[in-house]
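Q: Could you walk me through reading a model like this one, feature by feature?

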Amino acid sequence: MVEVLTQQGEFIAKGHWQIGSIAVRVLSFSEEESIDGAFWHRRLATAYAMRQQIGIAGRVDNNTYRLVHGEGDNLPGLVIDIYGRTAVMQAHSAGMHLVRMEIAAALNEVMAGAIDNIYYKSETTLPFKADLYPENGFLQGGSADNVATEYGLNFHIDWLKGQKTGFFVDQRENRALLERYAKGRSVLNMFCYTGGFSVYAMRGGAKLVHSVDSSAKAIDLTNKNIALNFHDDERHAAYAEDAFKYLDRMGDQYDLIILDPPAFAKHRDALRNALQGYRKLNVKAFEKIKPGGILFTFSCSQAVSKENFRTAVFTAAAMTGRSVRILHQLTQPADHPVNIYHPEGEYLKGLVLYVE
Ligand code: SAH
């Protein structure tokens, strides 16, 4: 914990310090405010109250949501996702790691009655140079029941080994939108991970749904989630294959394609390659999608701006000679709020395109 002062020694802010490109993650602009258990309690209670007020927390048909989104909830370096009665907590800074027990205690108070378990998952998100040796594990409880509900659909959440906190909570509203377009369509869900979009497409009445991911584990998860909701429904099939290979060999049977790749640019210096990657990927979809088809295309790279992403996608459309119209411009949902003083927090970009 450090204080930030002017050259004259006047107080500006206090926060967590660590080596790296962000020197201080500011927690408070008040000199009087102590960063203690009561502080964590206040910030978590504010985050929870907002999600209740906007109708995300406390629903019967949905118990999967993000409770804390870093800077967006004035808690830089901290992410907490809720899956049913389990909270999965992730520290992205050394400071948050060091106070994890205090935060867990506050979380327990704020969410009393709503959660039983707190799982800590920071092995891959902390700066390795900080020599912290974090271990993943339960700070409280320890439930093997890992089925959570999103808008009435059930998902196995692999918080032990899965990517991020186990699920891509940030695509919830976009998955719900996809459901509305799925009826009677032949759907390709590329980069399916847990099969989120596939499960919604099935409920939306798709004619067939093909899920593709290069990870065999992702394909297992997808098959499990389809079975959980639709048993052995023959409309669905999943393939463990590289995206570019699959897009090259597939026919022109699909009239609804989802492209939700991993972040192609993790840093600004990878931007050029990333934009080329998005362009190439989208070219392949435009080449094959049926006339009258709908493309849901995403980028979750923070380093890629909305404008850059649009240019990559529109260039791809122009290169293939397809006539394309924008139906929707998508972003992250309200439980991933953007702090107006940290516009970088807006990372998810999506376009829904009608392809003539
Ligand atoms: N759409 C998902 C999230 C996608 S995450 C959801 O809504 O939950 C990105 C996925 O891309 C990961 O599961 C990863 O295994 C997969 N992936 C990464 N590189 C790939 C490649 N070259 N081909 C196919 N899948 C790939």
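A: Gladly! Keep in mind that this is a predicted model.

Q: Let's begin with the sheet: in what order do the 7 strands lie?

A: The general idea is that strands of a sheet pair through backbone hydrogen bonds, either parallel or antiparallel. In this structure the order is β13-β12-β11-β14-β15-β17-β16, in an open sheet with mixed pairing. Residues 236-240 (β13) and 324-330 (β16) form the edges; each of these strands has a single partner, so one side of each has no neighbour in the sheet. On average, neighbouring strands are turned by 15 degrees against each other, direction ignored.

Q: How many bridges join β12 and β13, and in which sense do they pair?

A: Strand β12, residues 208-213, pairs with β13 in the parallel sense over 5 bridges. For a spot to look at, find H210, which stands opposite A237 in β13. Helix α6 (residues 216-230) packs on the sheet here, touching both β12 and β13, and its direction makes about 170 degrees with that of β13.

Q: Which strands does helix α8 lie across?

A: Helix α8, residues 271-288, lies across β14 (256-259), β15 (293-299), β16 and β17 (349-355). Relative to β15, α8 runs at about 165 degrees.

Q: Now the ligand: which residues come nearest?

A: There are 16 residues around the ligand, and D213, S214, D242, A243 and D260 come nearest. Next, look for pairs of N or O atoms. A polar side-chain atom of D242 is 2.8 Å from a nitrogen atom of the ligand, and a backbone N or O atom of S214 is 3.0 Å from a ligand nitrogen atom. On the side of R175, a side-chain N or O atom lies 3.1 Å from an oxygen atom of the ligand. The ligand taken alone exposes 580 Å², of which the protein buries 87%.

Q: Is H16 buried or exposed?

A: Here the idea is to compare the relative accessible area with a cut-off: buried means under 20%. H16 has 5%, so H16 is buried. This residue sits in strand β2 (residues 11-17). Beyond its neighbours within four places in sequence, H16 is in contact with several residues, among them M1, R25, W40 and M96.

Q: And A318, buried or exposed?

A: For exposed, the cut-off is over 50%. A318 has a relative accessible area of 62%, so A318 is exposed. Its place is in helix α9, residues 306-320.

How values were computed:
Residues numbered from 1 in each chain as written. Predicted model: local features only at pLDDT ≥ 70, side-chain atom pairs only at ≥ 80, totals over all residues. Heavy atoms only, no water. Pairing = 2+ DSSP bridges. Helix = DSSP H or I, 4+ residues; strand = E, 2+ residues; numbered from the N terminus. Axes fitted to C-alpha atoms, helices over the stretch in contact; angles between N-to-C directions. Contact = heavy atoms within 4.5 Å. Buried < 20%, exposed > 50% of the residue type's maximum accessible area, 1.4 Å probe, protein only. Near = heavy atom within 4 Å. Polar contact = N/O pair within 3.5 Å; in protein donor to acceptor, adjacent residues only side chain to side chain. Areas by Shrake-Rupley, 256 points an atom, 1.4 Å probe, with all protein chains shown as cover.
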